[in-house]
Amino acid sequence: MRDLLVFGRTGQVAQDLALLALEATYLGRDRADLTDPEACAAAILAARPQAVINAAAYTAVDKAEADADTARLVNADAPAAMARACAELGIPFLHISTDYVFDGTGDQPRAEDAPTGPLGTYGATKLAGEAAVAAAGGHWAVMRTSWVFSAHGANFVKTMLRLGAERDRLTVVADQIGGPTPAADIAGAALSMIAAMRDDPAKGGLYHFAGAPDTSWAGFAREIMAQAGLGAEIADIPSSDYPTPAARPLNSRLDCTRIAQDFGIARPDWRAGLARVLDQLRDKA
Ligand SMILES: NC(=O)C1=CN([C@@H]2O[C@H](COP(=O)(O)OP(=O)(O)OC[C@H]3O[C@@H](n4cnc5c(N)ncnc54)[C@H](OP(=O)(O)O)[C@@H]3O)[C@@H](O)[C@H]2O)C=CC1
Ligand SMILES: Cc1cn([C@H]2C[C@H](O)[C@@H](COP(=O)(O)OP(=O)(O)O[C@H]3O[C@@H](C)C(=O)[C@@H](O)[C@H]3O)O2)c(=O)[nH]c1=O
Ligand SMILES: [Mg+2]
């Protein structure tokens, strides 16, 4: 799509968007710093695009605990300002959020209207961003996704490949359950949603989108080792054996029924996405 403006250039989702939407404009930190929300709004008003996707965020979950002011500016205030600018121009705005808005209790998939309860600063600031985007009065969509991985940037797959090559045995949490999601599928889904929103002003709202089948981080790690041909043993541990500054939700299962019904977008099989990412990494090497 021409005249699409994307915040984020170096991130996982932004880089996969750039492979699919070649003519879009991608604003990196040098051209739009999200710690300056009004500068982000000004960038939209100056560019006068036909749609905006925000693929930038403060994603360092543990670091956010000691840096809440920056996380709030980037994850809440900047998307709020973007959504207001889009409302002013009357164009659709798509924002991305996270499973970490939930408290992780129970063992059932959560739908979009399930009660939230973030356990840390990252989740709390992302939740505030969702609310602000919805309150801006424009044509918006928020896609909540989870456990994003790709060939670029930092993610669990690349960490496991590095550690799996160095060690014979890795301990990985087995009591956090969710859907690993290839960034390429998020990029494709976001572009489909934006296209549908441009055709139909009634389309939009809050949507869940995650890869299937649900698994644990340990299960994800085992599949990474198997597909990469690494021999490292993955030993299951409880979250209590992996202490971190920010707590993670145990139940990150997202019910993705609504996005299938409204946009015809199905949950992608993350194991196929993983195979493609490993191919991409081999091509890069
Ligand atoms: N990663 C994950 O596992 C998940 C991510 N999400 C959400 O998906 C979206 C995309 O995430 P993902 O692609 O993984 O993100 P990444 O962590 O890969 O990249 C984050 C991007 O945000 C940019 N950014 C951070 N701070 C600023 C700032 N102050 N000004 C400008 N740009 C900034 C980074 O730029 P720079 O390179 O300059 O730092 C980078 O391009 C986010 O909304 C995230 O919350 C949801 C669920 C899971
Ligand atoms: C490296 C490593 C991690 N772990 C655990 C820690 C954590 O619970 C889990 C995943 O580690 P990560 O650091 O990738 O997790 P984290 O950065 O919390 O990932 C999250 O990022 C944000 C941005 C999101 O929005 C979430 O959907 C989610 O993807 O694996 C182990 O158990 N053993 C290990 O050796
Ligand atoms: Mg991380």
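View 1. Helices (H or I, at least four residues) and strands (E, at least two) are DSSP runs, numbered from the N terminus.

Since the model is predicted, local features need pLDDT of at least 70 and side-chain atom pairs count only at pLDDT 80 or more, whereas totals for chains, interfaces and linings use all residues.

**View 2. Around ligand 2.** Now look at the 19 residues around ligand 2, where Thr-59, Thr-98, Phe-156, Val-173 and Trp-217 come nearest. The elements giving two or more residues to this shell are α5 (156-166) and β7 (169-173). The classes in the shell around ligand 2 are 11 nonpolar, six polar and two charged residues.

**View 3. Helix α1 against helix α6.** We meet α1 again here, with its axis coming within 8 Å of that of helix α6 (residues 183-199) and crossing it at roughly 60°. Axes are lines fitted to C-alpha atoms, for helices over the stretch in contact, and angles run from 0 to 180 degrees between N-to-C directions. That angle makes α1 oblique to α6. Angles under 35 degrees count as roughly parallel, over 145 as roughly antiparallel, 65 to 115 as roughly perpendicular and the rest as oblique. The two helices, α1 and α6, cross in a right-handed way. A crossing is left-handed if the near helix is turned anticlockwise from the far one by less than a right angle, and right-handed if clockwise. From α1, Gln-12, Val-13, Asp-16, Leu-17 and Leu-20 meet residues of α6 including Ala-183, Ile-186 and Leu-191. Two residues are in contact if their C-beta atoms, placed from the backbone, lie within 7 Å. Nine nonpolar, two polar and one charged residue make up the contact of α1 with α6.

**View 4. Helix α3 beside helix α4.** Helix α3 (residues 68-89) and helix α4 (residues 121-135) have axes that come within 8 Å and cross at roughly 15°. This makes α3 roughly parallel to α4. Among the contact residues are Ala-68, Arg-72 and Ala-83 of α3, along with Thr-121, Lys-126 and Val-133 of α4. By class, the contact of α3 with α4 counts 10 nonpolar, four polar and two charged residues.

**View 5. Helix α7 packing with helix α9.** The axes of helix α7 (residues 217-228) and helix α9 (residues 270-284) lie 10 Å apart, and the helices pack at an angle of about 45°. Is α7 parallel or oblique to α9? The angle makes α7 oblique to α9. Glu-223, Ile-224, Gln-227 and Ala-228 in α7 meet Arg-271, Leu-274, Ala-275 and Leu-278 in α9. In the contact of α7 with α9, five residues are nonpolar, one is polar and two are charged.

**View 6. Two backbone spots in loops.** The peptide bond from Ala-212 to Pro-213 is cis, with omega near -5°. You can find Pro-213 in the loop between β10 (205-208) and β11 (215-216). At Arg-48, phi is near 45°, a positive value in a residue other than glycine. Arg-48 sits in the loop between α2 (37-47) and β3 (51-54).

Conventions:
Residues are numbered from 1 along each chain as its sequence is written. Chains are lettered from A and ligands numbered from 1 in the order in which they are written. Ala, Val, Leu, Ile, Met, Phe, Trp, Tyr, Cys and Pro count as nonpolar, Asp, Glu, Lys and Arg as charged, and the others, Gly among them, as polar. A residue is near a molecule or strand if its C-beta atom, placed from the backbone, lies within 6 Å of it.
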